[in-house]
Amino acid sequence: YTEPFQLLSRRGHFLHIMPVFMSTSAALMKLVVLLAVVEWISALNFPSRFSENSLATLEANGTGKTDVMKCHNFLASGKRVLLLGVTAPYHGSTSILQLMMSSPSVSTLCSFGTNWQCEGAPIMVREAGWSDEVQKWTDWKTVLAHFSSYWDLSRPVLLEKTPNLIWAVEESYNYLTRIQLPAQMLQAGINSIEPAYIITWRPPCLAVLSSHAKDRLDHGIEAWFKHETENYGALIRAYDFLQKQGVPVLLINIADTLWRQKLTLYRVRKFLPCVKHLNFDYMPQLGKDVFEDNSWKLESSLSSFGKSLDPHECCGYDVKKAVCYDDSKWAALPHMKEYPQFVAHEGYLRSRSMDFS
C-alpha cells in the first residue's frame, strides 16, 4: 500500500481528490494525477467572451461562420434539418425537447399522441412492430416514412429524441447518409435532409433532481457510478465520431439549461440559426403541443424550474465554474477502478460544452 497522498485539494469541486490508499503502479498514480490536473485546469477556463448583449447582437445581426445551415431560401431549396437528440435515458432529454419545441421552426413527434415524452421509438414499436432499441433499426427510410406522418414537414427542423440513440449514433448516421427519402417527404417538396445532433450530459451531482437516478443510488452508489461512467463514455464516442465526420453537433451541459439560460440560447442559436424564438418561459399546451398520453413530465417552464432551485443547496453545484463540489456522498469513489476514466470523461464533456466558436 502506498502512503496517503493528496492528489489535489481545491475547495469548490466535486472531484476534489481525497486521501487515497491504493495498491497500484507508479504509472497509474501518475495518470490519476495528470487527469486531475487537466480536469482542474479545464474547470478554470470557463469562457469569458459571453456577455448579456451577445444574444441580442446575434438576433439582430445574424450568425457567424460556424452556422449549421444558412437560412436564406432554406425551405424553398427543399432542405430540412433532421435534429437528433442524444442523451442517456432519464438524463434530461425532455428539457431540451421542451426548449426546442418552443420555436415555431421546429416540429416534434408529439402528435402521435401515445408516445411517451414524444419519443420516436414507440411509433416504430406500434406501427412497424420493431424493437425500441434504435441500434437494431437498419431501414431508416421506413423510420422517416413513419415519422413523416407526425412531423409538420413544412417546418425547417424535424426533431426526434429517443434516448436509446446514445448507443447507435454511428450506425444510424451511416444509414441516414445513404438512404433515399420516403414518398411523404418527396411529395412535400423535400429533396434532402441534413442530420444534426444535440448531445446533452448531466453533471453527477445533478442526479439528485432525477427520481430514476435516486432509485439507482438507493440500490448502491458503486453500481450507479459504473453506469454513469458508461454513459459518459458513450456520449464522448458519439461526439468524437460526429466531429470526425464533420457532422454538425452541439454538446450541452444540462445544468446550463437551468442556470445559464442566456448562454444556452446563444449557443443553440449559433448552432441552428433557423430556429427562431426559442423561449425558456415556454410551457407546452395540452391538446395542442403535447397530448395526455404523451405523459409529459415537466410541470413548469424551464425558466420557472431553474429559478425554483438554488444550485448550491439542491445539488452542490457551482454554476460559475460549472463543477460539482459536494463530495460527501462520493467518498468511496476514488477507490474504484473506473475513477480515473470518470474524471477524464467528466472533464472532457465539461470543456466541450463550453465551446463558443
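1. Cavities. A search of the whole structure, a predicted model, finds four cavities of 30 Å³ or more. On a 1 Å grid over the protein atoms alone, a cavity is a set of points where a 1.4 Å probe fits but cannot get out; lining residues have an atom within 4 Å of a point. Grid points are joined across faces, edges and corners, and a volume is the space filled by probe spheres set on the points.

2. Largest cavity. Its space is about 70 Å³. The lining consists of Leu-83, Gly-85, Thr-87, Ser-93, Ile-96, Leu-97, Met-100, Leu-159, Lys-161 and Ile-198. H3 has the largest share, four residues. Helices (H or I, at least four residues) and strands (E, at least two) are DSSP runs, numbered from the N terminus. By class, the lining has six nonpolar, three polar and one charged. Ala, Val, Leu, Ile, Met, Phe, Trp, Tyr, Cys and Pro count as nonpolar; Asp, Glu, Lys and Arg as charged; the others, Gly among them, as polar.

3. Largest pocket. The volume is about 550 Å³. A pocket is an open set with protein on both sides within 12 Å along at least five of seven lines. The pocket has 22 lining residues, and Gly-92, Leu-209, Ser-210, Leu-298 and Phe-305 lie nearest its centre. H3, H8 (211-218), H10 (256-259) and H12 (302-308) each give two or more residues to this lining. H3 gives the most, three residues. The lining divides into eleven polar, eight nonpolar and three charged residues.

4. Helix pair. The axes of H4 (121-128) and H5 (140-148) come within 10 Å and cross at roughly 95 degrees. H4 and H5 are therefore roughly perpendicular (65 to 115 degrees). Axes are lines fitted to C-alpha atoms over the stretch in contact, with angles from 0 to 180 degrees between N-to-C directions. Ile-123, Met-124, Glu-127 and Ala-128 of H4 meet Thr-142, Val-143, His-146 and Phe-147 of H5 in the contact (heavy atoms within 4.5 Å). This contact has five nonpolar, two polar and one charged residues.

5. Confidence. The chain averages a pLDDT (the predictor's confidence in each residue, from 0 to 100) of 81, and 77% of the residues score at least 70. Residues 36-49 stay under 50, with 31 contacts beyond four places in sequence. Residues 59-69 also stay under 50, with 25 such contacts.

6. Basis. Residues are numbered from 1 along each chain as its sequence is written, and side-chain values use heavy atoms, with hydrogens and water left out. In this predicted model, local features need pLDDT of at least 70 and side-chain atom pairs count only at pLDDT 80 or more, while totals for chains, interfaces and linings use all residues.

How values were computed: Parallel < 35°, antiparallel > 145°, perpendicular 65-115°, else oblique.
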